[in-house]
Amino acid sequence: MSRVLALCGGVGGAKLAAGLADVVPSGDLLVAVNTGDDFEHLGLPICPDIDSTLYALAGLNDVQRGWGRCDETWNFMTCLGELGGPTWFRLGDRDLATHVWRGARRASGASNTQVTQELATAMGIGCQVVPMSDDPVRTVVVTDEGPLAFQEYFVGRQCQPAVRALEYHGAESATLQPQILDALRSPDLSAIVICPSNPWLSIGPMLAMPALRKALQKGSAPVIAVSPLIGGRAVKGPTAKIMRELNLPTTAAGIARCYLPLLSTLVIDSSDAAQRDDVLAEGCDAIVTDTLMPDRAARRRLATVVMDAVAGD
Ligand code: FO1
C-alpha cells in the first residue's frame, strides 16, 4: 500500500484533490483541509474550504463561481435581505442544507471530523476528507487598515486592503487531526502533496500547527507542491496580490520559498518553464507541466504527473 496525504484549501486545491481522487485508490488518499477560514454566520458553522473540497470531490461544485454548489438558487438570500438580514456573505439554497445540517450535528455533539466524514459519505466520496484540526484555528489578515477576520477581508472587503502579515490564531495549541498524524507516522506514506492553494491563506494555517510542521521537517515522505501561479498570476484569488504586498517575487521561486525547507519538488506551469532553474537554485526539484485545471481530464492529468513524480523519487 502507498498512501498519499494531500494538504488542501480553497478552490484550486480542491480541483487537484479531485484529480488525485481519480488516480489514487480511495483507501490510500487522505485529504486534509484548511479550517482557518471557518467562521460562524447567522448561527451556523461555515467551513468554506471543507465545503469547496467536498463539492469538488463529489462533482457538485459550481465551476463558474468557484465556490458553492452548482445549479444553485438564491431564494433564502432574497428573503433574508427582505427581512433586513446580512447579505454580504451569500448562502445558496442548496449550500444552506450543508451548513444547517453541520450545525445540527455539531449541536448534538459530533466533532467537525465526524460531520465532515458523514457529509463526504452522503455525497458519495470514497477517499477520506478531514479538517486539519477539530480545534478552532482562525486566520486573521493584518492589513494596512488593521486586523481583519478572514471572511471580512476575503468576502466583505474583496481582498482590497493591503496585507501586512497573517496570523493563525489557535494554531500553536491546536491538536492535529489524528488521522493526519497517523498518516504522517505511517511507513506506507509515499507523498505529501501540497495542492495549488494560496500558501498564506490556505496552507499557512496548516503549517502553523507545530505537529504538522515537525512531521514534515522530519521528512515523513517527500513533499511535492503544485504552484498556484501561472505566468505570475493566480487562476483565481489574491495569491499574487498578497505576494506583492509581502514584498515577495510573484514567481515560482517565490512559491518555493514559502515551503522551503520542507519542500522536495515544486510543480510549475509550462508558461513558467523559464523559471525552472530559479526553483532548482532554491534547493528543490522542479517539474514543468500544464497546471491549469479547466476540466476533469486536466485535473486527472496533473494528478498523474504528481503521482508519477512521487513514484520516480
Ligand atoms: N465567497 C465569496 O466570494 N462570496 C460569498 O458570498 C461566499 C459565500 C460562501 C458561502 C459558503 C461557502 O462555503 C463559501 C463561500 N464563499 C464565498 C467562498 C469562501 O469564502 C472562499 O472561497 C474561501 O474561504 C477561500 O478559500
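Select helix α11 (residues 252–259), which lies across β9, β10 (223–226) and β13 (265–269) and runs at about 150° to β13. Such angles run from 0 to 180 degrees between N-to-C directions of lines fitted to C-alpha atoms, for helices over the stretch in contact, and contact means heavy atoms within 4.5 Å. Helices (H or I, at least four residues) and strands (E, at least two) are DSSP runs numbered from the N terminus. This is a predicted model, where local features need pLDDT of at least 70, side-chain atom pairs count only at pLDDT 80 or more, and totals for chains, interfaces and linings use all residues. Residues are numbered from 1 along each chain as its sequence is written, and side-chain values use heavy atoms, with hydrogens and water left out.

Next, show the open sheet of 7 strands, ordered β5-β2-β1-β9-β10-β13-β14 with parallel pairing. Its edge strands, β5 and β14 (285–289), each pair on one side only. Pairing requires at least two DSSP bridges between two strands. Inside the sheet, β1 (residues 3–8) and β9 (residues 189–194) are parallel and share 5 bridges; leucine 7 has isoleucine 194 in β9 as its bridge partner.

Move to helix α5 (residues 112–122), where Asn112, Thr113, Val115, Thr116, Leu119 and Ala120 are buried (under 20% relative accessible area; exposed is over 50%, partly exposed in between, with a 1.4 Å probe and protein chains only). Seen down the axis, these buried residues fall within an arc of 165°, so they line one face of α5; the arc is taken from the directions from the helix axis to the C-beta atoms. Thr121 and Ala122 are exposed on the face turned away. Just after α5, glycine 124 has a positive phi of about 80°.
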